[in-house]
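Student: I'd like a close look at the place where the two chains meet, and then at what lies behind it. Please take me through it in one go.

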Amino acid sequence: MSKMTDLQTSGILAKECLRTQICGEGEWPKNTVLYQPYETEQILLPDNSKCLSVKTFLKMADLEFIVEARENAEYMSPHRGKVPFIKAGQFLVADFEPIVNFAQSKGYSLSSNLDEHQKWDLRVYMALVNNVLLNAEIYVTWKHEPTYNDLTKPRYGSVYSFPLNHWATYYKRCEMLSHLDVLDWKKKSLDEVFKEVEKICESLSNFLGDKKYFFNEKPTELDALVFGHLFSIITTPLLNNRFAAIIRAYDNLVQLCVRIETEFYQSRFL
Amino acid sequence: MGNLFAKPYHDFNISRELSLQDFKLLEHKEARVDQVQVQGYSKTKDFIIQSSINLMFSSNSFNNIIKNAEIVRKNLMSLNCFENISINIDVSSGSNSTPNGYKVIFNTQELKCASTILHSIARDNEGFVKLGFKLNNLTGHANHFKIESSLGNSGTQKFDACISRHIPGSISSCASGHIFRKKSYWNAVHGVFNEWGTLFDLQFLASYKSHFSQNLQFEGVIRDINMLSKNSPFRLREESGVSVKSSIKHITTIDTRDSKVLANEGAFLQMVMEVAGFGGDVKFLRNYFTSQFYSKISKDVVFQGSIGGGFITDLGTFKKVNMMDRFFLGGPMTLRGFESRGIGNLNNNMAGVTSYWVSAIHIYVKPLFGMESNRINEAFRLHLFCNAGNISFFDEDIKTNFRKIFKDYRLSAGVGLVARVGNSIRFEFNLCTPFQYTTGDRIVDGFQFGVGANFI
């Protein structure tokens with residue numbers, strides 16, 4: 001049995017070696033393209049947050065990329081349904097964390113100067129944001145009935161012709177609901193969801209304190225991720241502004257968003 | 001075929017089989033059908049049968065009666081309501097009979113209400129097992145309901161529910177509606193295709209010589225292309241996603257072959273014209289055809305010449321036709337000596353091409369040369385073949401298109417063994433050599449095995 005696991009581990013190691021060999025250290029591939037759904041007509045809150053996080057991360061790390069919008073971005077993605085994804089040379093990488101890891105394998109990291117303890121904090125908070133904010137966005141977009149009918153359905157189906165707009169939206173909803181079900185979020189009420197959001201905002205706010213970024217002077221992956229989510233939530237028009245209002249209550253988080261916005265995007269204002 | 005019995009006019013009460021001379025005598029004799037009896041049916045409605053047998057009353061000679069009886073039998077069988085039909089022709093007797101009058105009796109045996117489907121078919125180099133059940137003649141109007149699912153050995157799955165209704169007449173027609181779900185898997189590069197769709201089909205069968213049929217179909221399908229492999233070229237990945245096709249298709253088939261798989265004589269022509277874009281997001285015009293021509297050179301040698309081709313014109317503006325609509329060429333049953341869909345460069349035309357042509361010449365020899373027909377001679381043939389074909393992208397300019405068609409065409413030849421299983425499955429074991437190919441083609445130089453129902 002142990003031999004078997006040894007073999008498996010050596011297999012995985014060999015694959016990993018091969019991967020790093022192919023990827024190589026150093027050069028960030030030229031002509032890297034980030035694929036995402038259409039921003040004005042199609043994209044939904046959770047995808048928008050993730051796209052914004054990835055874009056912010058790439059900008060913070062000063063990595064070159066161009067954005068291309070495709071209506072079938074989520075189907076083109078190497079991990080079906082996950083947007084955004086990047087095409088870097090021969091590689092396709094989808095979702096925030098894999099892209100961060102990919103950049104790291106190329107030698108670009110925002111958190112390399114942190115000590116062990118801070119790195120743990122970074123990971124914990126990133127996991128927290130992914131677990132709570134992302135799921136809350138998915139909940140509001142797909143589970144909350146009025147939002148689903150008034151916003152999600154027309155937006156998601158906007159790129160498809162008649163029978164497909166209902167069909168594709170229905171399938172996506174089933175998928176998303178089963179995702180929420182697995183994580184035990186499906187049974188929650190909207191109030192409970194917002195309570196969770198409040199909790200995480202509170203702890204993020206406490207962690208940020210008066211600092212410029214979460215880990216003092218330099219932005220990290222956590223800043224990119226938090227900015228992506230919070231900025232999207234604040235700026236996306238929903239049926240009512242309850243979701244945004246929760247976040248607006250934490251002044252230092254809003255200030256963080258403004259700071260990142262002006263520093264890395266400049267053109268837009270809150 | 002049923003039994004043919006008759007009583008000559010002068011010879012009462014003695015029923016005997018006709019000798020050839022008697023038959024010749026009777027052949028041109030004036031005759032009239034007085035009575036037609038159909039026996040043995042209970043569920044089928046009368047008017048369904050009536051419209052089929054009306055033809056009998058138009059016969060004016062004995063020969064005519066026999067011919068018409070056979071046509072009526074075929075028509076009745078095509079209703080799919082009967083298991084077996086035999087014909088009796090008799091002189092009519094009784095008060096209403098006329099001097100030249102005959103009585104025709106059809107002995108029928110109806111199919112059971114429900115039956116199971118279990119058989120194997122082969123298509124596109126893949127063997128399938130079909131499982132399902134059938135409800136025959138639901139209300140007696142020759143309407144059927146069928147549910148079947150087929151599983152292929154390389155991962156293709158199909159589920160199909162079909163309701164069909166036969167409309168008898170001088171041109172018999174069949175209307176059917178299908179709901180299907182199909183999942184096909186070609187190879188690792190092209191990913192998985194999922195389809196959910198409906199198909200309405202109207203088929204007209206005219207018994208001109210043997211078979212001349214026309215189908216008018218409407219198809220509405222939701223297609224989903226899913227790239228599984230990370231190694232798929234990005235060009236293919238760009239086409240992944242969901243799309244709707246709603247199209248009207250017209251199929252003309254003329255088939256005078258004496259066998260569908262190993263024919264000795266006859267010709268086969270099938271033309272398909274498809275216009276998509278009635279709703280849905282792809283718009284195109286697609287035409288393709290296959291033709292085969294057989295001729296017997298001597299008792300044991302058969303010549304086959306085939307040609308096929310097709311082109312697709314994209315009419316869409318927003319969404320382009322994707323690889324499920326375009327053509328692919330190559331494979332052990334079409335352009336032998338190349339892998340299935342193996343013609344073309346991975347980067348340029350992996351996602352299909354807009355036009356193709358393929359041709360073949362076969363010379364078949366019966367394996368037991370000179371012997372009377374027996375099982376081996378019927379099921380196997382040795383063949384020599386030569387294949388040529390090409391793919392190209394059409395554009396606006398007709399002159400360059402014409403040049404493109406023949407530029408760098410592919411050529412292969414070889415020998416092999418063809419086997420027939422049942423009446424529709426064809427196996428081929430070939431030793432082939434591609435003579436002309438371009439870089440990027442995936443060739444098979446040597447042994448190639450193919451199975452399928454469609455071939456060139």
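Student: How many residues does the contact take from chain A, and how many from chain B?

Tutor: Happy to! This is a predicted model, where local features need pLDDT of at least 70, side-chain atom pairs count only at pLDDT 80 or more, and totals for chains, interfaces and linings use all residues. Residues are numbered from 1 along each chain as written, chains are lettered from A and ligands numbered from 1 in the order written, and side-chain values use heavy atoms, without hydrogens or water.

The contact (heavy atoms within 4.5 Å) takes 19 residues from chain A and 19 residues from chain B. Together the chains bury about 1,600 Å², 60% of it on carbon and sulfur atoms; this is the accessible area (1.4 Å probe) lost on putting the two parts together, summed over both. On the chain A side, Arg80(A), Leu164(A) and Trp167(A) supply 31% of the area buried against chain B, more than any other three residues.

Now to chain A itself. Chain A holds eleven helices and four strands, taken as DSSP runs numbered from the N terminus (helices H or I, at least four residues; strands E, at least two). Of its 270 residues, 51% are buried, meaning under 20% relative accessible area with a 1.4 Å probe, protein chains only. Among contacts between residues at least 6 apart in sequence, 75% join residues at least 24 apart.

The four strands of chain A form an open sheet in the order β2-β1-β3-β4, with mixed pairing; two strands pair if DSSP finds at least two bridges between them. β2 (66-69) and β4 (91-94) of chain A are the edge strands, each with a single partner, so one side of each lacks a neighbour in the sheet. On average, neighbouring strands are turned by 25 degrees against each other, direction ignored. β1 (residues 33-36) and β3 (residues 85-88) of chain A pair in the antiparallel sense over three bridges, and there Leu34(A) stands opposite Ile86(A).

Two helices of chain A pack on this sheet. Helix α2 (residues 45-60) touches β1, β2 and β3, and its direction makes about 165 degrees with that of β1(A). Helix α4 (residues 96-105) touches β3 and β4, with about 135 degrees between its direction and that of β4(A). Axes here are lines fitted to C-alpha atoms, for helices over the stretch in contact, and angles run from 0 to 180 degrees between N-to-C directions.

Terms used: Buried < 20%, exposed > 50% of the residue type's maximum accessible area, 1.4 Å probe, protein only.
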